[in-house]
Every structure is written in structure tokens, then in C-alpha cells.
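Q: I'd like to go through this structure with you, a piece at a time. Could you take me through it?

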Amino acid sequence: MDGQRGHIDQLIVSYLSGELDDLQIKELKSWIDRSDENKRYFMQYQEIWVSSCSEDEIHLYDSDKAFECFRKRVSEEYQKDNHKHNMERLLYIRNIYKYAAAVFILGFISYMSFQAGEENLYQSLSMIKIEAPVGGTSKMLLPDSTIVILNGGSRLAYSQNFGVKNRNVDLDGEAYFEVSKNETKPFCVESEGLRIKVLGTKFNVQNYPEDKIASVSLMEGKVALDNIFDASQYVELAPGERAEFDKETGVLKKNSSEFISNDKAWMNGEMIFEDVPLVDVVKRLSRNYGVHIMISNEELKKLRIVGRFNRNIQSINEVMSVLEATGKLDYNIHDNTVTIY
């Protein structure tokens, strides 16, 4: 617990000094969102930091003096509240005095003092989030004129200042991108261990949380991918190539495919399976029809399927009837649940 809180304290100090990268900001935001207590902790910490020195002292910057102002303010807060929780909080703050002094840079407090207050600072961490309903799709135009189409059950998030300093988005699920060209600001997609960078291109990303393999398929242009946690895992794609990322082993590889156009067929409601295990077919059917599908026979999970369906013209019952006609499986549907046996 102490180690975790110490890590959060360092993240807060780094954020207040403008030193966090996008991943660290995302981690801090996630922690703040977990509880009202975490949000209050962040706000109180920020208040102490911002109000440590007067404006006159800021302009006559001196690192030792700035540090003493910060320590004096923390001590005052400590005397105001003897509650055990706040005592522990202040002890954590005191443990990183040295770190805080090191990053107390010229003009920072002046900048922070002119912000709209604690709530506005917190809001600067907020993200715009779009989610496609299960069984449907969502099409959107980003501020830079990039077109994004989200598949069912997918989520896209980007900062409110998207396009100002960068063009970074977070993807959870599957999406097709037509990226507007901007050589000074590459478009970057981050998705559970993968980072995809492009200038202007058309590509598809599939990376649902429950999938063991994430894939990126390139239709036009050029993209570069890397494993966020292993810089040595890096590939570049040309049109007609697909990259696959094994989320269990961390291996990132690419291959050419004559079926690359199939990877964006979902935008027309199509589901194309080329020798796909039934367990993966079931995942796609669940997302497309918004139903829960169970395979009660473990052996059937190894069954491989070749077929083409369209959710716009076929019901889930019709699709299951086609699969049943193979003679390899049976099924029943009750309410919103499909059982395969």
C-alpha cells in the first residue's frame, strides 16, 4: 500500500510539473476515477502545491525558497487536521520533498496559478469517449477530419485538445481509420500493448480485450507498429499486409494476405470466416448480434469454420441454422442466450 501511494504521489508531482507522458497521464486519470476519495486526494495535493508560494516569490524564483514555501504550506495543513488518514497523506508528501524541490521549475507555479482552479485542472485530464453499441457500428469525424468507423462493442477515446500537440487516440475493440495527412503530427493509435503510427492512410485495427491476437491490416499508405512494452518488437506495413500481435507472448509479426480486404468487410455487416476456430467465430457473432453464446462441448471449440454471413440480412437464428447444417453441431436459443452442443 505504501509503495502504491508513493508511486501515485510521484505521478501527481510529475503531472503538476508537466513531466508526464500520455501513458502516465492515462494511469493517473484511471486512479483518480476509481473513487471520490482519490479525486479529493488529488485536489488537496494540487491545492497545496499551487498555493505554496506567493506571486511575488514566484517571479523572484529561488529553488530553496520555493521548497521552503511548499514545506511550510504542507505543515500548516498537517496542523489543521489530525485525522489519521490525513496524517498518512501528509507523511507521504513529506517523503517526496526532495523530489518535489527538484522539479519545482521556473515559472511553473505562476502558470498553475492562472488556471481556472482545481476542477478545471482535473477536467484537463478528461477524455472524449465514443462507444459503438453491440450489434451496430458508429461512424465519426475527428477534429482533424480523420474518418473512424467503430465496430460493435468498441470504444475510442481522445483528449479534448486532440490535434493541438498530437493526434493520439486509444482504441478498445475494432475500428477502421481513414487518416487525414499531417506530416508534422503523426496519427497514433494505442490499443492494449500496441502502438500504431501513421501520417495519412487507410487501415483496420482489431483488438478486443477478450482476443488473444490483435491485428492491424493496411489498405493504403504506410504504418509503423511497435509493442509498447518491448521496443524491439517493431514492424512496418505496406498495403496488403497484416500485422498480428500475440498478447500472451508479446510477439509482433507481419504477413501478406490475399484476404486483406475481408478485414474491413464488417463495415457492410459482413462476417467472413476463412478456416477460423469456432471459439473465435462465436466471439464475432456475439458482438454482431448482441447475444451471449456458450459452447458446452469443449471439443467443438477446435472446430474450424469457413463461411460468409451478413448481419444486415440474416438473423442469429439463421446463421446458427447454417452452422448446424454442417452436421458438426447442434444449438438452442433461449431469450438472449445461444447454447452450442
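Q: Which residues of helix 10 are buried?
A: This is a predicted model, and in it the buried residues of helix 10 are Leu278, Val281, Val282, Leu285, Ser286, Arg287, Asn288 and Tyr289.

Q: And what covers them?
A: The cover over the buried residues of helix 10 includes strand 8 (202–207), strand 14 (270–277), strand 15, strand 16, helix 11 and strand 18.

Q: What does the side chain of Arg287 make a polar contact with?
A: The partner is the side chain of Glu210, at 3.1 Å, while the charged end of Arg287 also sits over the ring of Tyr208, 3.6 Å from the centre of that ring. If neighbours within four places in sequence are left aside, the residues in contact with Arg287 are Val134, Gly135, Gly152, Gln206, Tyr208, Glu210 and Asp211.

Q: Now helix 11, which of its residues are buried?
A: In helix 11, which covers residues 316–324, they are Ile316, Val319, Met320 and Leu323. Viewed down the helix axis, these buried residues fall within an arc of 95°, so they line one face of helix 11.

Q: Why would residues three or four places apart point the same way?
A: An α-helix has 3.6 residues a turn, so residues with that spacing point the same way.

Q: What do the buried residues of helix 11 pack against?
A: They pack against helix 10 (278–289), strand 15 (292–295), strand 16 (304–310), strand 17 (331–334) and strand 18 (337–340).

Q: Changing topic, how many aromatic pairs are there in the whole structure?
A: A search of the whole structure finds five. One of them is Phe162 with Phe187, an edge-to-face pair at 6.3 Å centre to centre with 75° between the planes. This pair links distant parts of the chain, 25 residues apart, with Phe162 in the loop between strand 4 (155–159) and strand 5 (167–178) and Phe187 in strand 6.

Q: Are Phe162 and Phe187 buried or exposed?
A: Both Phe162 and Phe187 are buried.

Q: Which residues do ring pairs link into a cluster?
A: The cluster consists of Tyr158, Phe162, Phe177, Phe187 and Phe203.

Terms used: Residues are numbered from 1 along each chain as its sequence is written. This is a predicted model: local features need pLDDT of at least 70, side-chain atom pairs count only at pLDDT 80 or more; totals for chains, interfaces and linings use all residues. Side-chain values use heavy atoms; hydrogens and water are left out. Buried means under 20% relative accessible area, exposed over 50%, partly exposed in between (1.4 Å probe, protein chains only). Helices (H or I, at least four residues) and strands (E, at least two) are DSSP runs, numbered from the N terminus. The arc is that of the directions from the helix axis to the C-beta atoms. Contact means heavy atoms within 4.5 Å. A polar contact is a pair of N or O atoms within 3.5 Å; within protein, one must be able to donate a hydrogen and the other to accept it, and residues adjacent in sequence count only if both atoms are side-chain atoms. Rings of Phe, Tyr and Trp (its six-membered ring) pair if their centres lie within 6.5 Å; planes under 30 degrees apart count as stacked, over 60 as edge-to-face and the rest as tilted. A charge sits over a ring if NZ of Lys or CZ of Arg is within 6 Å of the ring centre and within 35 degrees of the ring normal.
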